[in-house]
Protein chains: 2
Amino acid sequence: MSNKPQNLAQSAAPGVICVGLGPGDPELMSVKADRLVRGARHVAFFRKKGRPGKARQLVDGLLRSEASEYAMEYPVTTEIPVDSPEYVQLLSRFYDDWCLRLAELAKQEQVIVLCEGDPFLYGSFMHLYTRLRERGDVGLQVVPGIPGMVGCWHATGQPITWGDDVLGVMTGTLSEDELVRRMETADALVVMKVGRNLPRIRRALVRAGRLESAWLVQNGSTANEQVERLAEVGDEVCPYFAIVLVHGQGRRPEAAW
Amino acid sequence: MSNKPQNLAQSAAPGVICVGLGPGDPELMSVKADRLVRGARHVAFFRKKGRPGKARQLVDGLLRSEASEYAMEYPVTTEIPVDSPEYVQLLSRFYDDWCLRLAELAKQEQVIVLCEGDPFLYGSFMHLYTRLRERGDVGLQVVPGIPGMVGCWHATGQPITWGDDVLGVMTGTLSEDELVRRMETADALVVMKVGRNLPRIRRALVRAGRLESAWLVQNGSTANEQVERLAEVGDEVCPYFAIVLVHGQGRRPEAAW
């Protein structure tokens with residue numbers, strides 16, 4: 001079950017290495033990620049059609065000029081429901097195609113797949129990971145990164161959990177009732193995939209009695225970092241990658257707040 | 001609320017910088033952490049009496065030989081209950097004392113505080129952080145790190161969450177009933193602070209119907225990494241820093257498993 005035995009990252013050995021890039025500040029990339037990105041000859045990354053791609057932007061200025069780039073453009077993102085047969089079929093074919101293409105390339109070359117945050121926490125790469133692992137004919141390695149939510153809770157300047165606090169991490173795509181149910185059994189909250197789900201997330205927070213302590217954080221750890229009390233902002237257009245946070249208030253020896 | 005305006009980390013300006021060191025592999029430290037640790041003139045870290053200290057061990061070989069070291073030794077760890085007045089008083093005085101000492105030093109010098117994982121996720125530093133912030137007379141900055149749990153889920157070689165999975169992060173110090181209640185409203189689970197709480201965590205997992213899919217991970221990302229199915233190991237002595245994991249099984253387009 002371990003991905004340890006392979007050690008692709010110590011050399012330019014052929015294979016696929018997915019590199020977690022962290023929350024946005026290039027200095028928060030790991031030493032290992034930084035080394036792999038700077039040395040890469042082949043770089044693949046996901047992006048929405050017509051966009052530069054968050055992961056690709058994060059490594060601006062780090063890539064070698066002669067590196068070959070492979071933009072893996074989602075055939076669809078939030079235009080159709082994620083549980084519709086059409087969505088599932090489109091995405092499934094997309095991952096199948098890129099799995100094949102990366103596997104062919106990775107027989108001879110080392111391919112670095114760029115992923116913002118941590119690849120194993122709600123990352124798109126895992127759909128390629130399972131397919132590549134199933135094939136079993138190419139080296140495969142994943143480098144952890146600082147999750148985006150960690151950059152966001154640091155942006156608020158407050159610890160996310162204290163003592164025995166339970167942290168609940170959920171996606172804004174859940175139904176309002178599900179959100180309420182999950183929020184009620186957690187002390188600290190992280191809601192990812194916000195975007196147009198914000199009105200529903202807000203209603204759920206009100207029902208769970210947590211709106212007053214909720215924060216909306218965008219671009220945590222970057223120059224464009226934005227931290228606001230959710231109760232003080234409206235439901236106008238909000239980026240998909242924004243995060244809603246509620247800090248835990250657990251046990252602490254005579255805390256100053 | 002932001003800790004951005006200060007920019008202690010760009011120079012050797014006086015102040016306290018707490019550096020998240022990540023899960024254990026020194027290569028998984030951020031570029032920023034690596035730079036600060038290698039350049040440090042004053043280094044403080046928590047440890048249990050008579051132990052080298054996990055954070056200090058992690059930077060072995062990186063520190064300058066002339067760096068001054070400050071071992072902040074807990075007056076007590078798990079010997080008395082965390083909710084007893086004696087524990088609270090001992091810990092509170094301990095944090096007060098070190099806050100004073102670091103604040104005095106940080107008026108003239110830059111002090112790097114080493115913390116394993118991410119300092120704002122169940123880290124001891126936050127007790128110093130609130131106190132130093134309350135004083136308001138020394139520069140203060142925190143550098144995020146890859147949380148220990150991230151290193152542990154990578155050790156299993158499986159993504160922790162898929163699709164709309166809810167991730168519940170809790171501590172093994174909760175009562176059995178509380179553990180069950182929190183486990184039942186999460187899809188993916190992380191239980192931290194395992195140690196002698198393992199038998200209770202195991203009983204809770206059985207009641208929540210999750211024992212068969214639970215993993216026990218020790219020293220994720222290090223050379224001593226150990227990954228076992230919890231159902232296949234006994235309740236014998238288990239380190240406090242071990243982590244119990246259950247992976248989510250959410251939506252994925254035609255996954256290979």
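User: How many residues of chain B are in contact with chain A, and what makes a pair a contact?

Analyst: In this predicted model, 62 residues of chain B are in contact with 61 residues of chain A, where a contact requires C-beta atoms, placed from the backbone, within 7 Å. The largest share of the side of chain B that touches chain A comes from H4(B), with 6 residues. By class, that side of chain B has 31 nonpolar, 17 polar and 14 charged residues.

User: How do you know which symmetry relates the two copies?

Analyst: Chain B can be laid on chain A with an RMSD of 0.0 Å by a turn of 180 degrees and a shift of 0.0 Å along the axis. The copies are therefore related as by a two-fold rotation axis.

User: Why is it said that the copies meet through the same surface?

Analyst: Because 97% of the interface residues of chain B are also interface residues in chain A, the copies meet through the same surface.

User: Which residues of helix H4 of chain A are called buried, and what covers them?

Analyst: A residue is buried if 20 or more other C-beta atoms lie within 10 Å of its own; in H4 (residues 125-135) of chain A the buried residues are A:Phe125, A:Met126, A:His127, A:Leu128, A:Tyr129, A:Arg131 and A:Leu132. Their cover includes strand E1 (15-20), helix H3 (85-106), strand E4 (110-115) and strand E5 (140-143) of chain A.

How values were computed
Residues are numbered from 1 along each chain as its sequence is written. Chains are lettered from A and ligands numbered from 1 in the order in which they are written. This is a predicted model: local features need pLDDT of at least 70, side-chain atom pairs count only at pLDDT 80 or more; totals for chains, interfaces and linings use all residues. Two residues are in contact if their C-beta atoms, placed from the backbone, lie within 7 Å. Helices (H or I, at least four residues) and strands (E, at least two) are DSSP runs, numbered from the N terminus. Ala, Val, Leu, Ile, Met, Phe, Trp, Tyr, Cys and Pro count as nonpolar, Asp, Glu, Lys and Arg as charged, and the others, Gly among them, as polar. Copies are superposed by least squares on the C-alpha atoms of residues with pLDDT of at least 70 in both. A residue is buried if 20 or more other C-beta atoms lie within 10 Å of its own, exposed if 12 or fewer, and partly exposed in between; C-beta atoms are placed from the backbone.
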